[in-house]
Amino acid sequence: MKEFEAIYDKDPYVKTFEATVLSCEKTKKGYEVELSDTAFYPEGGGQPYDQGTINGLFVEEVHKRDGRILHLLHEPIETGITVTGQIDWERRFDFMQQHSGEHMVSGIIHGMFGYENVGFHMGKVIQIDFDGPLTWDDVEIIERKANKAITDNIRVEYLYPDADELEQMPYRSKKELSGKVRVVRIQDIDLCACCGTHVAYTGEIGMVKILSCIKHKEGVRLEMIAGQKAFLYMQEIFTQNHAISVALSAKMNETFAAVNGLQKALVEKDRMISVLNEKYMNYKLDMFMESQKLLMSFEEEMDRNAMRKFANALVHDKYAHVGAVFSSHENEYQYVLVSDGFDLRKIVKLLNQALNGRGGGNSEMIQGSFHCSQDAIEKMMYEVEKMI
Ligand SMILES: [Zn+2]
């Protein structure tokens with residue numbers, strides 16, 4: 001098969017074809033089958049390989065090696081027979097939409113800024129690296145231009161220039177090319193040497209959406225999607241935004257302001273809670289006698305920060321040697337013990353063992369949780385008091 005003469009080159013819209021089996025070789029991965037002609041695109045030029053079936057057998061991978069296109073099957077197939085190939089069209093058409101969309105975006109950026117596409121990867125999203133900087137404002141203009149070119153429904157053309165013509169042609173390419181080169185032209189938007197499969201008219205790309213633009217080496221890395229994939233993604237984003245808009249009773253185009261307002265309200269609530277906590281702690285502190293060996297307080301659902309603050313206050317404001325705060329939560333007690341001289345490491349193991357607990361700390365503060373009753377904790381703490 002000569003270059004550019006496989007079915008997928010001549011007509012990328014062929015989904016079913018007939019061909020003769022030239023060879024079938026067993027390899028580690030399965031059976032590599034070569035056909036007299038094929039519509040299966042082999043991996044190359046950044047575009048992944050096609051999948052589908054040959055006589056009903058699954059074609060898992062397709063690669064080009066030494067000028068031969070090899071289809072990887074799990075089962076052998078008889079040489080010499082005529083077979084029917086069937087392309088997984090959903091997969092292939094997605095690649096055609098993505099790849100053609102990528103050409104438009106790369107061409108528009110090349111036209112506006114003169115940057116080259118220096119890296120291209122087609123996975124769940126398309127990743128393109130450019131050798132110059134772009135702002136998000138630039139990205140939005142590029143995106144608008146690309147989508148305008150989609151509604152203009154421009155024909156995607158293939159040129160096969162000879163060496164002299166190629167020399168004169170201002171086409172984009174990642175490497176120096178020689179031999180027969182195919183150049184893909186999208187009017188004045190793009191001119192690029194490429195062997196991938198493309199849509200016939202830009203309208204079939206449907207939509208282009210750039211997802212991100214981050215600094216990469218001397219330039220930027222763009223992530224984009226096109227076609228049905230872009231539509232489904234936008235639909236998902238719409239659903240999310242709609243749910244936020246309903247939850248916050250905000251218009252769909254004012255959800256960010258609503259979330260911002262909510263965040264501010266939360267900060268204010270946190271501030272109020274800490275003021276109330278402070279008042280509550282001072283109120284509780286007034287009920288304790290000063291200068292004790294041990295002071296303890298049982299609370300409900302107190303957060304750890306407040307517990308630490310409270311235990312510290314028991315030691316430093318009320319001059320206890322050890323301040324202990326317990327807070328019940330579901331069927332366990334959180335604990336924070338603070339000390340001003342008594343080494344808490346001496347008792348932490350003992351407490352955890354006796355009260356079915358876990359946790360630790362240093363000589364001045366220990367914290368963790370106990371699985372037991374308040375009664376059991378009180379009894380154990382009276383034992384601790386004797387040791388202080
Ligand atoms: Zn290409």
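Visitor: What is the radius of gyration of the protein chain, and what would a compact globule have?
Guide: The protein chain has 35 Å, whereas a compact globule of 388 residues would be near 21 Å. The radius is taken over C-alpha atoms, and the globule rule is 2.2 Å times the number of residues to the power 0.38. Along its principal axes, the C-alpha trace spans about 100 × 50 × 40 Å.

Visitor: Where do these coordinates come from, and which pLDDT limits apply?
Guide: This is a predicted model; local features need pLDDT of at least 70, side-chain atom pairs count only at pLDDT 80 or more, and totals for chains, interfaces and linings use all residues. Residues are numbered from 1 along each chain as its sequence is written.

Visitor: Which domains does the assignment give?
Guide: Domain 1 (7-87), domain 2 (93-236) and domain 3 (288-387). The bounds come from an automatic or database domain assignment. The centres of domain 2 and domain 3, over C-alpha atoms, are 65 Å apart.

Visitor: How many helices and strands?
Guide: The chain has 9 helices and 18 strands. Both are DSSP runs numbered from the N terminus: helices are H or I with at least four residues, strands are E with at least two.

Visitor: What is the strand order in the open sheet of 5 strands?
Guide: The order is 14-15-16-18-17, with mixed pairing. Two strands pair if DSSP finds at least two bridges between them.

Visitor: Why is one side of strand 14 and of strand 17 left without a neighbour?
Guide: Strand 14 (294-300) and strand 17 (357-361) stand at the edges, so each has a single partner strand. From one strand to the next, the twist averages 15 degrees. Angles run from 0 to 180 degrees between N-to-C directions, with axes fitted to C-alpha atoms, for helices over the stretch in contact.

Visitor: How do strand 15 and strand 16 pair?
Guide: Strand 15 (residues 322-329) and strand 16 (residues 332-339) are antiparallel over 8 bridges. Ser327 stands opposite Gln334 in strand 16.

Visitor: Which helices pack on that sheet?
Guide: Helix 7 (residues 304-316) touches strand 14, strand 15 and strand 16, at about 40 degrees to strand 16. Helix 8 (residues 345-354) touches strand 17 and strand 18 (365-370), at about 170 degrees to strand 17.

Visitor: Switching topic. Which residues have the most contacts inside the largest nonpolar core?
Guide: Met104, Val105, Ala146, Val208 and Met224, in a core of 35 residues. A core is a set of buried Ala, Val, Leu, Ile, Met, Phe, Trp, Tyr and Cys residues joined through C-beta atoms within 7 Å. Buried means 20 or more other C-beta atoms within 10 Å of a residue's own, exposed means 12 or fewer, and partly exposed is in between, with C-beta atoms placed from the backbone.

Visitor: Which helix gives the most to this core?
Guide: Helix 2, with 6 residues.

Visitor: What does Val208 touch?
Guide: Beyond neighbours within four places in sequence, its contacts include Gly101, Glu143, Ile150 and Ala230. Contact means C-beta atoms, placed from the backbone, within 7 Å. A second, separate core of 30 residues includes Met281, Ala311, Ala320 and Phe370.

Visitor: What is phi at Asn153?
Guide: Phi of Asn153 is near 50 degrees, positive in a residue other than glycine. Asn153 is in the loop between helix 3 and strand 9 (156-159).

Visitor: Is Asn153 buried or exposed?
Guide: Asn153 counts as exposed because it has 12 C-beta neighbours inside 10 Å.

Terms used: Two residues are in contact if their C-beta atoms, placed from the backbone, lie within 7 Å.
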